[in-house]
Amino acid sequence: MKKNYEERIRTLLSKMTLEEKIGQLQQCGPSLVGAFDVSFDELLNMMFDGRITREEFDRLMGTAEQDFHEDDLRAGKIGSYNGIGDSAAANRLQKIAVEETRLGIPLLFGYDVIHGFRTVTPIPLAESCAWEPKLWEKTGRVAAKEATAAGVHLTFAPMVDVAKDARWGRVSEGAGEDVLLNADYGAAKVKGFQGDDLTKEDAMAACLKHFAAYGAGEAGRDYNRVDLSVQRLWEEYMPAYKACIDAGARAVMPAFNDINGVPCTVNSWLLRDVLREKWGFNGLVISDSNAIAECVSHGIAKDKRDAAKQALLAGMDMDMSSNSYVECLKELVESGEVPERVLDGAVEDVLRIKFELGLFDHPYQTNEERESVCMLTEESRAIAREAAVKSLVLLKNENHILPLKSDAKIGIFGSLAADKGQMTGAWAIGARPEDCVSMVEACQERGISCQYSEDGKDMLKIAASSDVLIAAVGEMKEESGEAASRADITLNREHLALVRDLLATGKPVVVVLFNGRPLAIPELAEHVPAILEAWHPGVEAGPAILDVLFGDVNPSGKLTTTFPAATGQCPMYYAHINTGRPGGKSKFTSKYLDAPVEPVYPFGYGLSYTTFAYGELKVEKKEDAVWVSVSVSNTGERDGEETVQCYVQHVAAKRVRPVRQLKGYEKVGLKAGETKEAGFMIPFAELSYYDWDMNKIPCEGVLRVYVGGDSRAELMEEVVL
Ligand code: BGC
């Protein structure tokens with residue numbers, strides 16, 4: 001049962017000075033100080049823009065030490081830290097907070113635990129391809145057990161930004177382009193992270209992000225403006241955030257971007273009217289890194305003081321990293337520009353989450369001993385392998401080139417086949433390269449006959465003595481994630497050249513793709529006989545990939561993001577509208593002169609080593625829902641799993657509706673020759689939509705229901721509502 005801490009919160013608040021209240025709203029990270037005169041951020045910039053070399057940067061970093069701002073902590077000026085994932089450091093700081101500050105209010109430790117802590121699981125985009133909420137919850141639990149053992153109380157995850165533009169680097173951090181999948185993924189992660197009781201030592205509060213519509217940035221450029229109709233915002237983006245709140249997420253991070261002209265950081269409609277009033281959220285709202293100060297660059301605040309004022313009034317409780325609140329709030333409250341009751345509301349939210357996490361009663365939730373036994377256990381590695389296997393998507397398999405025979409002689413090419421550090425993908429701060437198993441290493445462990453060349457050297461010699469050649473190509477982990485948008489999402493020149501050279505040897509070629517976003521790979525799709533999408537699969541990369549390549553496991557992953565044929569098609573997504581002139585053969589239709597109108601691989605797509613056939617589709621109107629059922633058979637010779645997908649199209653609506661929208665999915669395990677029923681109950685409420693005036697209206701008239709193994713499913717029945 002959820003406990004009520006309101007009385008204790010109010011009593012504590014009544015004892016706090018203005019400075020102590022403001023201190024609770026301050027989150028900082030340890031700063032790095034060393035033999036450099038500039039800030040760490042500036043040093044990083046200097047390296048990225050070439051003012052200093054990588055070597056010089058590394059040398060200077062070697063002199064760096066962490067400054068934890070302990071004097072400020074003692075003075076009650078810090079309520080939370082970000083980025084400390086080490087129980088000894090956390091407990092040392094917690095002791096100062098509890099024993100040396102006037103009121104002894106415990107600290108809250110936040111951290112980006114995005115896809116695992118030490119046991120790094122596949123990047124979220126990859127894991128979403130499993131279409132399996134139970135798995136998402138399970139890996140969330142593993143992450144929480146490890147992170148909390150390292151002293152973390154709050155993770156800045158899940159990210160449920162629906163992302164339809166493959167140019168955006170952060171597509172890697174979420175569950176792809178579909179709102180239902182993001183909602184389910186987010187809710188499952190919240191449950192996994194938080195467990196069933198937040199006061200338990202292995203429960204970690206979830207901070208959903210980035211509220212809202214960060215994934216809709218113009219042209220796929222990170223941090224960019226979001227100019228979106230309110231209807232699309234509510235229909236295609238908001239339900240994913242709402243699902244996390246409904247699942248009990250206790251924190252929210254507003255996004256960097258503006259929505260229709262108002263940055264989310266100072267957007268009182270978003271943070272007060274929607275989040276608190278409409279959705280009833282009473283947890284913690286914490287800014288994105290430095291976002292409050294950045295409102296000056298947005299051109300919405302004249303200085304940091306103005307930004308601090310707007311943010312607090314809009315409902316931003318905690319300031320991550322910008323020092324705007326500690327520097328400006330005292331004066332703003334004393335001058336009456338910010339009413340003290342608004343400040344009190346923010347402080348209450350901070351205290352509430354600390355009470356809910358049990359920090360007042362148990363400020364030290366871990367120790368070095370627990371930390372040392374919790375990491376990278378056999379059990380968590382097994383779960384990471386399961387997740388990696390289920391994330392892999394077989395994109396092409398001509399002439400049944402896969403699975404490989406167990407005695408096949410293979411030649412492996414490309415640095416990604418051996419680079420352990422690359423397997424973790426973006427946002428894996430606690431990861432260690434030595435924890436990861438690469439493809440080459442996994443081959444050696446299995447005793448597979450394999451020759452490896454990182455750069456294509458000795459290609460002809462290796463090809464001559466191999467049955468099959470494997471190219472490990474794609475993106476480095478730095479090429480996706482934050483601040484990693486790309487204006488060209490094709491395969492880079494060297495990787496493409498490697499694949500072409502391998503094809504020229506005449507030997508069968510299998511491409512294993514490592515990447516954090518969909519890539520435009522029409523040439524590969526046409527010429528390479530087999531392609532396995534591996535994403536950035538985490539610590540168990542190598543074993544999982546071999547499980548599928550050698551057929552120990554039948555692949556079952558399905559894409560949660562469309563693979564365009566050309567960058568210029570972006571944003572490309574399955575749930576588009578038709579236009580009055582859908583792209584076709586004739587001239588005056590909606591298409592490109594120099595690129596197809598279709599993607600290379602559609603949303604929902606993924607092959608198996610067996611085949612599935614769909615039987616009769618039945619669609620029935622019930623009292624308040626549409627009931628859909630279909631039989632699915634495994635018509636091949638191997639056991640397998642099929643994710644049955646159900647899409648709808650509203651034929652004549654008051655506002656144009658997507659050609660297809662995912663309304664249900666079910667992963668069905670089928671033995672060779674077996675047939676099972678899959679069924680979906682779609683409540684009318686989930687078919688309703690907004691009209692021009694933002695009235696929610698029911699779906700009426702003809703509804704087409706499509707069922708099949710991907711978003712191009714042709715099996716269709718109509719029902720009249
Ligand atoms: C990112 C957030 C992240 C935060 C804290 C920001 O740059 O946008 O997603 O949680 O840093 O590390």
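In the predicted model, an oxygen atom of the ligand lies 2.7 Å from an N or O atom in the side chain of His210.

The shell around the ligand holds 13 residues. Asp112, Arg170, His210, Asp288 and Glu482 are the closest. By class, the shell divides into 5 nonpolar, 3 polar and 5 charged residues. Arg170 and Glu482 belong to the charged class, because Asp, Glu, Lys and Arg are counted as charged.

Aromatic contacts were examined next. A pair of aromatic rings is described by the distance of the centres and the angle of the planes. The model contains 19 aromatic pairs. One of them joins Tyr5 and Phe355, with ring centres 5.6 Å apart and planes at 20°. This pair is stacked, because its angle falls under the 30 degrees set for that class. Tyr5 lies in the segment before α1 (6–15), whereas Phe355 lies in helix α15 (residues 340–356), so the pair ties together parts that are 350 residues apart in sequence. Both Tyr5 and Phe355 are buried.

A second stacked pair is formed by Tyr81 and Phe109. Here the centres are 6.0 Å apart, and the angle between the planes is 20°. Tyr81 belongs to strand β4 (residues 80–82) and Phe109 to strand β5 (residues 108–111), so this pair ties together parts that are 28 residues apart in sequence. Tyr81 has a relative accessible area of 0% and is therefore buried. Phe109 is at 2% relative accessibility, so Phe109 also counts as buried; the cut-off for this class is under 20%.

Ring pairs also build a cluster. Its members are Trp131, Tyr574, Phe603, Tyr647 and Tyr665.

Two lysines sit over tryptophan rings. Lys209 lies over the face of Trp427, at 5.5 Å from the ring centre. The charged end of Lys278 is placed over the ring of Trp234, 5.3 Å from its centre.

Conventions: Residues are numbered from 1 along each chain as its sequence is written. This is a predicted model: local features need pLDDT of at least 70, side-chain atom pairs count only at pLDDT 80 or more; totals for chains, interfaces and linings use all residues. Side-chain values use heavy atoms; hydrogens and water are left out. Rings of Phe, Tyr and Trp (its six-membered ring) pair if their centres lie within 6.5 Å; planes under 30 degrees apart count as stacked, over 60 as edge-to-face and the rest as tilted. Helices (H or I, at least four residues) and strands (E, at least two) are DSSP runs, numbered from the N terminus. Buried means under 20% relative accessible area, exposed over 50%, partly exposed in between (1.4 Å probe, protein chains only). A charge sits over a ring if NZ of Lys or CZ of Arg is within 6 Å of the ring centre and within 35 degrees of the ring normal. A residue is near a molecule or strand if one of its heavy atoms lies within 4 Å of it. A polar contact is a pair of N or O atoms within 3.5 Å; within protein, one must be able to donate a hydrogen and the other to accept it, and residues adjacent in sequence count only if both atoms are side-chain atoms.
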